[in-house]
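Notebook open, viewer up. I want to go through this one piece by piece and jot down what I look up.

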Amino acid sequence: MNRVAQAPALDSQIPAAPEQDRQALLEIRDLTKRFSLSGDFLEQLRFKGGKLVRKQEFVHAINGVSLDIQRGEALCVVGESGCGKSTVARVVMGLLSPSGGEIRYDGARIDSLSSRQLLPYRKRMQMIFQNPYASLNPRMTIQQTLEEPLRLHHPDWDRQKVRDKVEEVMASVGIAPDWGKRFGHEFSGGQRQRIAIARALAVDPEFIVADEPISALDVSIQAQVLNLLMDAQRDRHLTYLFITHDLAVVEHFGTRVAVMYLGTVCEIAPTATLFATPRHPYTQALMSAIPKLEDDRPQHIRLSGEVPTPVNLPSGCVFHARCPHANERCRIEIPRLIAKEDGSQVACHAVEEGRL
Amino acid sequence: MSTYASPTPTRWARFRDSYFLYSFKRTWSAQLCLAIFVSLVIIAFLAPWLAPTDPYDLRQIDILASELPPFWIAGADEMYMLGTDAQGRDLLSIILYGTRVSLIIGFGAVLLQALLGVTFGLLAGYLGGRVDALLMRLADIQLSFSTLMVAIVVGAIVKATLGSSFYSEYAVLMLILIIGLAEWPQYARTVRASVLAERSKEYVDAARVMGLGSRRIMFRHVLPNTLSPVFVISTVQIANAIISEAALSFLGLGMPETHPSLGSLIKSGFDYIQSGSWWITLIPGVVLVVLVLTINLLGDWVRDVMNPRLYKG
Amino acid sequence: MSLLNVTDLDVRFALRQGEVRALRNVSFSLDRGERLGIVGESGAGKSVAAFSLLNLIAKPGFIAGGSIRFDGQELNGMSERCLRKIRGNRISMIFQDPMMTLNPVLSIGEQMVECLKAHRRISSREARTIALHKLQQVQIPSPETRLDQYPHELSGGMRQRIIIAIALLLDPDIIIADEPTTALDVTIQAEIMALLLELCEKHNVGLILITHDLGVVSQVTQRMLVMYAGRVIEEGPTREIINDPQHPYTQGLMNALPQMATPGERLNQIPGSMPSLSKLPSGCAFHPRCGFVKRADGQPRRACHDVIPDFVESGNCRVACHMVAEMLNGEPSLAKEETP
């Protein structure tokens with residue numbers, strides 16, 4: 001079942017693509033991930049009509065996602081809870097193993113490597129987590145937390161070199177060196193997130209996966225952390241895979257945006273294009289739902305129903321049950337990502353047929 | 001940028017400002033229990049210097065002075081403050097020595113339980129899958145044997161292979177082994193549950209993303225964060241182990257009468273209750289109850305302090 | 001006289017480090033059918049303010065002073081029994097987490113009927129009819145089957161609709177909604193907020209909306225309060241504050257939004273973070289983070305460091321800021337109460 005068109009076929013349709021021969025830093029091809037809901041073998045056995053049958057149920061968290069992340073860009077993945085955006089991040093980082101598909105980093109496959117084989121990549125790709133209250137080990141001091149990755153990846157460094165590096169990285173995220181002897185719980189959410197960012201930056205990575213790094217923080221602190229991430233990108237030439245549900249942040253931060261719904265990508269576009277002309281009906285509904293400061297009266301597109309469960313995926317387009325433009329074809333045929341002239345790719349029959 | 005004006009607190013300052021100490025200062029029952037428990041421990045371990053006689057020394061036993069009552073009853077000998085037992089040993093001395101034996105067995109058994117239980121629980125919780133299934137079924141099987149059955153089986157094997165004199169000689173070690181083996185699943189289950197909770201936290205993911213190996217994540221990251229429930233159940237387990245030891249000794253499966261623990265003292269006096277020498281059983285019994293009660297009350301307090309859900313109550 | 005008048009509300013928490021003042025001199029009022037937003041970051045005291053209205057603050061917190069007049073009655077100091085007649089009946093609450101209100105072992109219908117019968121003398125059948133009617137009002141599909149379902153069988157958005165139905169059950173005068181949509185997705189949030197707004201307007205119910213989201217406040221409320229470190233620092237009509245915030249903190253909060261900056265540029269961040277209530281700075285609590293503690297000529301404004309600012313009227317708004325006061329009156333505004 002090929003839910004999404006192969007990207008190489010797409011590339012040829014994009015006119016005037018100067019980076020065509022430039023290799024993407026991270027390539028995700030047809031990634032799928034399902035989680036079993038049925039427990040181990042014995043728990044899967046059921047009596048049905050007098051016979052013992054094996055029944056397995058799955059949560060289909062990702063269903064054929066293909067993404068390319070170019071060097072130096074910030075690719076934002078947006079979507080609502082349960083759309084699989086965090087699962088993509090965790091599969092990319094090797095925290096979960098994919099059920100199918102390929103992940104290539106700098107041309108080499110990394111999706112089926114052992115943790116030992118992954119070790120050199122751990123230095124090049126790092127991750128920032130959502131909850132700064134859970135991402136720091138409560139029994140370790142800040143100094144220990146920051147030294148640990150350095151000692152692992154640079155076993156030849158002496159003590160002074162490790163300390164100097166920790167001091168440097170602490171300064172670069174704006175935390176005072178005398179914080180080192182303290183524990184995580186002595187700091188506020190924003191300060192902890194700085195420490196978590198420092199830990200990720202300590203090994204000088206080139207690629208960072210940020211999984212909702214600011215959504216647990218207060219508004220004024222969000223701005224600080226977002227600035228920090230942008231400064232780090234400029235100073236260290238980082239590439240980001242940025243997972244978020246906040247479209248305002250995406251508009252500000254992202255180079256390109258991928259909108260996900262129920263484990264599939266429904267639209268990928270350069271940020272400015274997406275915000276100027278959202279094409280997919282789901283993207284349009286999502287954008288209209290952002291509470292704006294200007295108008296007094298919310299004028300959002302009302303979607304009927306709720307997000308279906310990823311256990312029993314709808315046939316055809318996953319969005320058809322809530323889509324105001326759905327027709328018979330949407331109920332049967334899975335839409336493929338189709339490239340448009342302005343550089344966006346949309347997976348929607350209505351857009352393809354020109355109905356929308 | 002907000003900076004901290006206050007200097008980094010030292011370890012002592014952290015302890016001084018901790019909720020632990022704060023709560024201790026405000027809970028008189030905890031203070032009282034700790035005082036009684038600590039004095040019992042000190043007295044028991046100083047028994048060789050404090051006790052008027054050495055009950056293990058057969059030369060000091062005077063069979064003619066058997067079954068003398070304690071000092072407040074007529075007919076008491078002022079040499080024996082709490083009276084004597086059926087063999088004429090000084091009851092005070094033998095209780096001091098017996099308490100020491102009970103405490104050694106209690107702590108030793110809990111140490112063994114914790115060692116086995118924490119290791120197995122950590123492995124089961126962190127590795128999951130088959131290791132988890134295997135270790136937890138093992139724990140279930142272990143729990144279906146009572147301490148008594150383990151004692152009988154181990155006792156029978158040791159006595160059959162190495163002789164019963166060997167068993168009595170190493171009775172303390174044997175009891176530690178028996179109670180330790182019988183009750184490790186308590187630890188394993190507690191630790192497994194909190195490992196499962198900790199494993200899903202992001203700092204463990206962060207450690208994996210960093211590239212750390214499973215062993216280092218387990219022992220450096222997960223284990224330190226699962227220790228507070230271990231500490232809480234340890235208090236209860238010490239009390240349980242002391243009671244288990246007393247029960248085994250009472251049934252004749254534990255400490256021999258030549259080196260009695262509190263349990264075997266109670267047993268040895270039990271036959272003489274009918275003849276009116278109740279003190280041989282009752283006084284060690286009271287000591288046992290006080291010891292176990294203080295440990296349990298301390299355990300209750302520790303649980304209240306360490307249970308974050310009760311923090312704000 | 002407004003429906004609800006809160007004056008000089010003072011809430012404290014008796015902690016082991018000593019008493020912490022969670023709310024200081026908080027005053028506001030709410031007219032019948034009016035929608036008021038309370039905005040602030042976590043720790044600003046906005047939830048404490050809402051909870052203290054019905055004396056729902058858990059120990060070790062307590063109301064240390066001030067008055068809460070609701071429809072002619074004083075709620076501060078009222079007996080628990082009398083308060084219970086007001087809670088749920090005339091003032092109801094919507095919490096962030098629907099499971100805080102819903103009992104997981106009772107069906108939706110049972111909970112609604114129980115709530116109705118606790119406050120009114122009606123039969124179970126009548127109560128069920130009212131419950132059904134309320135579920136229809138919150139636009140729940142197939143309301144009759146929902147009555148017999150349990151909370152865990154419903155999605156998050158559906159649960160929050162049911163919470164709204166329960167809040168409206170006894171036709172209250174005021175609904176206090178504490179971050180009602182924070183746990184929900186954007187599209188669901190938009191629907192729930194639209195629904196809440198529509199119902200409040202239709203039934204002329206007053207709304208106190210507590211949120212950190214300036215966008216939500218600007219769309220739903222008519223007036224708003226901005227809180228910082230346990231105090232109200234700015235109050236006025238929502239549109240005026242959103243379009244032209246006066247207090248440096250409100251300005252900073254608005255400017256920090258990504259919408260306010262050019263994409264790709266740095267955001268206008270407020271430095272530092274909110275002080276903890278037990279270690280409040282002297283003078284204006286915001287002064288260590290404020291860009292206006294120095295006058296335009298570079299001279300420091302001593303009052304910001306030393307004196308808690310009192311409110312000054314600026315158009316339709318009230319602002320507690322020495323800088324604003326100086327611009328309006330030529331001298332800094334001094335509070336009734338000095339820094340302790």
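Before the first residue, a cut-off: I call a residue buried when 20 or more other C-beta atoms lie within 10 Å of its own, exposed when there are 12 or fewer, and partly exposed in between. This is a predicted model, so I keep that in mind throughout.

**Entry: Arg302 of chain A**

Is Arg302(A) buried, exposed or partly exposed? I counted 13 other C-beta atoms within 10 Å, so Arg302(A) goes down as partly exposed. I found Arg302(A) in the loop between helix H11 (281-288) and helix H12 (328-332) of chain A. I also checked Arg302(A) against Pro324(A): they sit 22 residues apart in sequence, and their C-alpha atoms are 9.1 Å apart in space.

**Entry: confidence**

I looked up the scores next. The model has ipTM 0.84 and pTM 0.84. For chain C the mean pLDDT is 88, with 97% of the residues at 70 or more. A reminder to myself: where pLDDT is low, the predicted coordinates should not be read in detail.

**Entry: the sheet in chain A**

I traced an open sheet of 8 strands in chain A, and the order reads E8-E9-E10-E5-E11-E12-E14-E13, with mixed pairing. Which strands are at the edges? They are strand E8 (125-128) and strand E13 (338-339) of chain A, each pairing on one side only.

Met127(A) has Val209(A) in E9(A) as its bridge partner. Helix H7 (residues 189-201) of chain A lies across E8 and E9 of chain A, and its direction is at about 170° to E8(A).

Then I moved along to E12(A). Strand E11 (residues 256-261) of chain A pairs with E12(A) in the antiparallel sense over 6 bridges, and Tyr261(A) stands opposite Thr264(A). The two strands make a hairpin with 2 residues between them, and in the turn Leu262(A) has a positive phi of about 50°. On to E14: E12(A) and strand E14 (residues 345-346) of chain A are antiparallel too, over 2 bridges. There I find Glu267(A) opposite Val346(A).

Why do I call strand E12 (residues 264-270) of chain A largely enclosed by the rest of the structure? Because 6 of its 7 residues are buried.

**Entry: chain B**

How many helices and strands does chain B have? I get 15 helices and 0 strands. Its C-alpha trace spans about 80 × 55 × 30 Å along the principal axes. Of the 313 residues in chain B, 42% count as buried. I also looked at contacts in chain B with a separation of 6 or more: 69% of them join residues 24 or more positions apart.

I picked one helix pair to inspect. Helix H12 (residues 227-250) and helix H13 (residues 262-270) of chain B have axes that come within 7 Å and cross at roughly 35°. The crossing of H12(B) with H13(B) is right-handed. From H12(B), I note Glu245(B), Ala246(B), Ala247(B), Leu248(B), Ser249(B) and Phe250(B), which meet Leu262(B), Gly263(B), Ser264(B), Ile266(B) and Lys267(B) of H13(B). By class, the residues of this contact come out as 6 nonpolar, 3 polar and 2 charged.

**Entry: chain A against chain B**

I get 24 residues from chain A and 16 residues from chain B in this contact. On the chain A side, helix H4 (115-124), E8 and helix H5 (142-153) each give two or more residues. The side of chain A that touches chain B has 12 nonpolar, 5 polar and 7 charged residues.

**Entry: chain C against chain A**

Here I count 34 residues from chain C and 32 residues from chain A. Which elements of chain C give two or more residues to the side that touches chain A? They are helix H7 (186-203), helix H8 (214-220) and helix H10 (248-255). The largest share of that side, 7 residues, comes from H7(C). Its classes read 15 nonpolar, 14 polar and 5 charged for the side of chain C that touches chain A.

I then looked into H10(C), where Pro248(C), Tyr249(C), Thr250(C), Gly252(C) and Leu253(C) are buried. What covers the buried residues of H10(C)? The cover includes helix H8 (219-236) of chain A, and from chain C it includes H8, strand E9 (223-228), strand E10 (231-237), helix H9 (238-243) and helix H12 (322-329).

Notes. Residues numbered from 1 in each chain as written. Chains lettered and ligands numbered in written order. Predicted model: local features only at pLDDT ≥ 70, side-chain atom pairs only at ≥ 80, totals over all residues. pLDDT = per-residue confidence, 0-100. Contact = placed C-beta atoms within 7 Å. Helix = DSSP H or I, 4+ residues; strand = E, 2+ residues; numbered from the N terminus. Nonpolar A, V, L, I, M, F, W, Y, C, P; charged D, E, K, R; others polar. Pairing = 2+ DSSP bridges. Axes fitted to C-alpha atoms, helices over the stretch in contact; angles between N-to-C directions. Left-handed = near helix turned anticlockwise from the far one by under 90°.
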